[in-house]
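Q: I am new to reading how two protein chains meet, and I would like to go through one case step by step. Could you show me the structure and begin with a single pair of residues?

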Amino acid sequence: MQFFGGSEISPSPPVPTASGNNAHMMYIFNRNGVCLLYREWNRPLRTLDSNQDHKLMFGLLFSLKSLTAKMDPSSTEKGNLGVPQLPGQGCSFHSFRTNTYKLSFMESPSGIKIILVTHPKASDLRESLKYIYNLYVEYVVKNPLYTPGTPIRSVENLIDFNFHYTIGPEASYSTQLLTNMCEVSDDLAQVSLLQHLVYNG
Amino acid sequence: MAAIYSLYIINKSGGLIFYKDYGLQGRMDTNDSLRLASLWHSMHAISQQLSPIPGCAGIELLEADTFDLHCFQSLTGTKFFVVSEPGTQNMENLLKHIYELYTDYVLKNPFYEMEMPIRCELFDINLAQAIQKDRVSYLGR
């Protein structure tokens, strides 16, 4: 899996499907379990408060990775169950599907975990996850005002809007989106940059 | 060569009642298979909690780099899951067929105690036949 493919964002963002509203939620965690970003677009059922929900999600992924590393039929030498694995060590899963949702997962070598919860019929979203990771690198990591390990605030960072445009529910050129951006930030420079992003993709 | 690497059956409390390894690698330790089964039972339950839509029945398919895990849960809470090669088709039908064999040769066996490990000869024989048939049709494609 190639993460460092060049200095530009991956040139072709994934083609949005005809009907929007495919994504329910998105999470980004760092390697310590801190939820850096949580976005929801369509979540009719919420069983826990958000803190518990983040912890449960992180715990589920951690345990599933441990399970897949142990269950891997191809590796002969496996550590014991529950031994903490380095990112990239051992077999890792990339998605699971239930009857109501599909969860796609990607972990970068630095331990940044990106999770997308979508409709169960969604196709393989690994390219989209790689694209989101590139956005994260470009707009969050390279932001001098961002402290690593803290949640990403959408006013400081453009990842939210860029993602919203590409594969979130509003996956089309949308002036509504621009209006929303203006409400959040009065900074003209930011708005013009966002305009550039929306129309030039 | 085999499309299926292993088969697990867990009872409604999460305990492993049947485990069969068809892979070419050595058999997994009994303790490890017990732990994995319980872990899977818990993960299945947690995934239902995290659903954004009401009415989630748990994980049906887990896709990893080197294997796929297909899971079928009966209405009584017994879970059947197979670890197979990535991209293997038709596992749902196989799992339903194994469920039928379970109801016929395990549940109807008067000496079988519920929720206990399965030690039914007829079940083993018919299961081997079903897996063999599936393997033949897989290779035939």
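**Reading the place where two chains meet**

A: In this predicted model, Ser95(A) stands opposite Glu63(B), a residue of β3(B).

Q: Which strands are joined by bridges here, and in which direction do they run?

A: Strand pairing is read from the bridges between two strands, and in this case 5 bridges join β3 of chain A, residues 93-98, to β3(B), the two running antiparallel.

Q: How many residues of each chain are in contact, and how much area is buried between them?

A: One can count residues or look at area: 34 residues of chain B are in contact with 36 residues of chain A, and about 3300 Å² is buried between the two chains, with carbon and sulfur atoms giving 68% of that area. Within chain B, the residues that lose the most area to chain A are Leu50(B), Pro52(B) and Glu63(B), which together make up 21% of what that side buries.

Q: How many salt bridges and polar contacts are counted between the chains?

A: There are 2 salt bridges between chain B and chain A, and one of these joins the side chains of Glu60(B) and Arg97(A), at 3.5 Å from N to O. For polar contacts, the count is 13 residue pairs, both residues being at pLDDT 80 or more.

Q: Which elements of chain B give two or more residues to the side that touches chain A?

A: These elements are β1 (4-10), α1 (30-49), β3 (59-64) and β5 (79-84) of chain B, and the largest share, 9 residues, comes from α1(B). Sorted by class, this side of chain B has 22 nonpolar, 7 polar and 5 charged residues.

Technical notes:
Residues are numbered from 1 along each chain as its sequence is written. Chains are lettered from A and ligands numbered from 1 in the order in which they are written. This is a predicted model: local features need pLDDT of at least 70, side-chain atom pairs count only at pLDDT 80 or more; totals for chains, interfaces and linings use all residues. Side-chain values use heavy atoms; hydrogens and water are left out. Contact means heavy atoms within 4.5 Å. Buried area is the accessible area (1.4 Å probe) that two parts lose on being put together, summed over both. A salt bridge is a side-chain nitrogen of Lys or Arg within 4 Å of a carboxyl oxygen of Asp or Glu. A polar contact is a pair of N or O atoms within 3.5 Å; within protein, one must be able to donate a hydrogen and the other to accept it, and residues adjacent in sequence count only if both atoms are side-chain atoms. Helices (H or I, at least four residues) and strands (E, at least two) are DSSP runs, numbered from the N terminus. Ala, Val, Leu, Ile, Met, Phe, Trp, Tyr, Cys and Pro count as nonpolar, Asp, Glu, Lys and Arg as charged, and the others, Gly among them, as polar. Two strands pair if DSSP finds at least two bridges between them.
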